[in-house]
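Dear colleague,

I am handing over the structure below, and my notes on what was found in it follow directly after. Please read them with the coordinates open.

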Amino acid sequence: MPKEDWEKYKKPVEGLEEEKVNVVLDEKDIELLKAYGEGPYAKEIKELEKSIKDIQKSITEKIGVKELDTGLAPPSLWDLPADKQRLREEHALQVARCTKIIGEGDAAKYVISVKHIAKFVVALAQQVSPTDIEEGMRVGVDRA
């Protein structure tokens, strides 16, 4: 109520309240009220969101084991004795970055850069295919 109209204000009398009329809504009114806050594509968006959730659920079911944020499998799937055995048999590799590929196919040579050490020109090991290595890729290097 504006301040300039405060003198004109009259307190309503308690006995003169208007009777409220209850109007029964028909189906069209109910549809209008339901659709009032929705946008023009609300139904289509809800259907698409539902289908996306269904597809996501089927993908997670097919994937099976979930990876953690660390990239490790859950501890229940760890095989510590086999890992210890592998560490005894195999030696650790050094990490390098492949900076350039010289040549093509089986005769290709690879320029790798080992951080804080040097750059080397190397060939592939017998277990690695030439299509597996790309420029800029991190690779494991045998120290020998």
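The largest nonpolar core in this predicted model consists of 9 residues, namely Ala96, Cys98, Ala108, Tyr110, Ile112, Val114, Ile133, Val139 and Val141, where such a core is a set of buried Ala, Val, Leu, Ile, Met, Phe, Trp, Tyr and Cys residues joined through side-chain atoms within 4.5 Å, and buried means under 20% relative accessible area, exposed over 50% and partly exposed in between, with a 1.4 Å probe and protein chains only. At least two residues of this core come from each of strand 1 (94–102), strand 2 (109–114) and strand 4 (138–141), and strand 2 gives the most, with 3 residues. Valine 141, its neighbours within four places in sequence left aside, is in contact (heavy atoms within 4.5 Å) with Leu93, Gln94, Ala96 and Ile112.

Over the whole protein, 3 helices and 4 strands are present, in the order α-α-α-β-β-β-β from the N terminus; helices (H or I, at least four residues) and strands (E, at least two) are DSSP runs, numbered from the N terminus. Of its 144 residues, 8% count as buried.

Leucine 25, in the segment before helix 1 (27–35), is partly exposed, at a relative accessible area of 45%.

As for conventions, residues are numbered from 1 along each chain as its sequence is written. Local features need pLDDT of at least 70 and side-chain atom pairs count only at pLDDT 80 or more, while totals for chains, interfaces and linings use all residues, and side-chain values use heavy atoms, leaving out hydrogens and water.

Best regards
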